[in-house]
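New notebook page. I want to get my bearings in this structure before I look at any details.

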Amino acid sequence: MVSAPRLPGVATLPPGSSAGPGQQGAHRGAPHPSPRHPRLDPLADRYAARTHGMKSSEIRALFSVVSRPEVVSLAGGMPAVTALPLDAVGSMIGDLVSGMGAQTLQYGSGQGDPRLRERICDVMALEGITDASPSEVVVTVGSQQGLDLVTRVFVDPGDVILAEAPSYVGALGVFQSAQARVRHVAMDDDGLIPEALEEALVECRANGDRVKFLYTVPNFHNPAGVTLTEPRREAIIALAEKYDLLVIEDNPYGLLGFEHEPMRALRARNPERVIYLGSFSKTFSPGLRVGWVLAPLAVREKLVLATEAQVLCPPSLTQYAVARYLDTQPWREQIKTFAELYRERRDACLESLSALMPAGTTWTRPDGGFYVWLKLPHGLDAKLMQPRAVNALVAYVPGIGFYADGSGQEYMRLSYCYPEPDQIREGVRRLARVVEAELDLHSTFDAVDTGTFRAVRPGPETTGSGTIVGPATSNVYEGGR
Amino acid sequence: MTESAAAPARTPEEEHPLRAVVLAGGLTFEREVSLSSGTQVVEELSRAGLDAELRDADAELLPGLAAAPADAVFIALHGATGEDGALRAVLDLAGLPYVGSPAAACRLAWDKPAAKSVVRSAGLTTPDWVALPHSTFRELGAGTVLDLMVARLGLPLMVKPASGGSALGVQKISRVEDLPAAMVSCFAYGDTVMVERFVEGVEVALAVVDLGDGPQALPAVEIAPESGVFDYTSRYTPGLTEYHAPARIPDDVAARAAALAVRVHEVLGLADLSRTDAMITPDGEIHFLEVNVSPGLTETSMFPMAVEAAGHDLGDVIAQLLAGRAGRAR
């Protein structure tokens, strides 16, 4: 084995003389087995139109620090899975493999395991959906796949989807890759505003736009943290009737309320016009990737064909795991344990925000779920502030990701689901200092009136004047190593 | 394998594979880029036959290195700590050899305005600039100071953090009304902002390597972003920028660019490797923009393209640098 091979090529360059004429000539013709494509991607011209929005972003880059323990992350939406009885779940899954491997390690039905679909109907009954049949349920790889299937089945490029402002970022990604146009509908502390929905429907109708469906998260909204009130649920169903609107009800958090019993689902009020998306990610485990779609039979048929084309069938082992968990473990009590844990974290978050945030900052007060939606003082931009937050070792999600139209700069989403209460308090403390520093910066620059600046001379003509204002920091050489 | 303890006669091939620790990650904006660089380097070194391990610069690092010493360390950290000299100073304290520039030289190169001063004093060309902390604007009045800047430096202007890489926080400002907002967003990266006269031309990356015979420039890599601005998205999304290595420039210009990069490497006291970013004007004038002591080594980075354009293998080059620092024959 050669530990440090000598490079014949480099060593033969004349020392210190890369300035010599050889620099270009010597290398220009140098053969290389697979020369790089000038754009680094020989397939750059072939990608489908739906990939055009897929680019590297600073936001993602800045997020990479959250994996370091020094950083308090109020960014991710990770459930507190360690609150599960891990030993019991572990031996349960072990038994599924050792005792039932012939089934659990095999392909299964595209629609999903029948036993699990029965148990899913029991879960949905907690939110008033008592007429669902297991035959109307399609098990999916998380409700995210369910949303993708529904979108594939209904949406052509250019179709309009109505969605709350803001909306779940993962839904916007699905809609973007379907090349849909998203029309946002306003919400307030009581959830989606029916008048705004009607206005949007009338406007779309007037424009000749085809609205394929309304996408809504009625309970403990991601990212807004608000819940659709009872009267508004009725109003939205009435509008669906009036305007022949299909509603996609995405409900991953509905059972995680802190103050009251689960509210009656939109689907419970109208089985014809509502397609319901459910998930075990927040009530059990997101790593198992088990969710479902409840849809009228004709739709279900198309969903099953679509899912077979995508994944053949949902994973057997994790479906059995969920069904066995629901059969043998105290899952209702476990959901209460989760809710109690999240309530304590929500309290830590809201109390710290009240105590520490500078004037002009506002936020929602969720009574369930994972998220607080925070509005910064006037003029501040959560994305532009993000590097300062990384320096301060606190992470949040800038609001713009939750809008399809590029708005939402003044908002951020804070998640209290994952950090311990003490960490949440520390995170909010850091965040408050970041906002204060940003306010200070704005007070310096916001009042600048560039209209009063003297006439600007064009750049190149002013060269040679030797304009140097020295560096602001020291450039002292210290001893070498 | 000889059992003789008379070590000097042994060649590297007879020793155990060189054990290298590659540092990547860190607690900076550039963590993701660094992890990508570090992973790439470990793969290349393993292919070159070294025993290479990736480690983050965290509280486990020094105890880990004490327990399992490396022959030499390669720093693929970008951003503060890795590039500002701090981590290198600690490695010096610990007596651990590493590839790259010494701590003090890094401190200087990290401070872009300071590095520009040194480079200009050495007679090289660099666009006019001014670097100021937030407090100066607050105390003297932001409007007055910005007005002076624009009057003196003209438009367009480049606004960039005084330290840091990966193009994070860098903006080109063509309209004076966009300047205050650009200052606000740039100050989010650090307390000092550098405003620089914009130079129109071809942007090139000039890699320099010193394998023991003095610093050598590798072929210039020309950067042509589709959007016109080589920002973060253009830099890290394959397909959005065209790279030409060697650059499509006349031989005499390429030679002068290479000489500039070597000179920058020397006057700043850099060692082993560096990447100078420069702008070549239509009349062939070469402007120094900044220098990186820990150049990006990702799949879309310019340093590896330059190595490849020179007909070399990145893993071999880094292996040689490590061997040199480990005190083995190169």
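I started with a definition: the radius of gyration is taken over C-alpha atoms, and the globule rule is 2.2 Å times the number of residues to the power 0.38. I'm working on a predicted model, so I keep that in mind throughout.

Overall size. I looked up chain B, and its radius of gyration is 21 Å. A compact globule of 330 residues would come out near 20 Å, so the two agree. I also checked the box that the C-alpha atoms of chain B fill, and along the principal axes it is roughly 75 × 45 × 40 Å.

Packing. How much of chain B is buried? I found that buried residues make up 63% of the 330. Then I went through the contacts in chain B between residues at least 6 apart in sequence, and 68% of them join residues at least 24 apart.

Elements. I noted 12 helices and 14 strands in chain B.

One sheet. I picked an open sheet of 4 strands in chain B, with parallel pairing and the order 2-1-3-4. Its edges are strand 2 (51-55) and strand 4 (98-99) of chain B, and each of these pairs on one side only. Further in, I followed strand 1 (residues 19-23) of chain B, which pairs in the parallel sense with strand 3 (residues 72-75) of chain B over 4 bridges. Which residue of strand 3 is the bridge partner of Val22(B)? I looked it up, and the partner is Phe74(B).

What lies across it. I then turned to helix 1 (residues 31-47) of chain B, which lies across strands 1, 2 and 3 of chain B. Against strand 2 of chain B, helix 1 runs at about 170 degrees.

Key. Residues are numbered from 1 along each chain as its sequence is written. Chains are lettered from A and ligands numbered from 1 in the order in which they are written. This is a predicted model: local features need pLDDT of at least 70, side-chain atom pairs count only at pLDDT 80 or more; totals for chains, interfaces and linings use all residues. Two strands pair if DSSP finds at least two bridges between them. Helices (H or I, at least four residues) and strands (E, at least two) are DSSP runs, numbered from the N terminus. Two residues are in contact if their C-beta atoms, placed from the backbone, lie within 7 Å. Axes are lines fitted to C-alpha atoms, for helices over the stretch in contact, and angles run from 0 to 180 degrees between N-to-C directions. A residue is buried if 20 or more other C-beta atoms lie within 10 Å of its own, exposed if 12 or fewer, and partly exposed in between; C-beta atoms are placed from the backbone.
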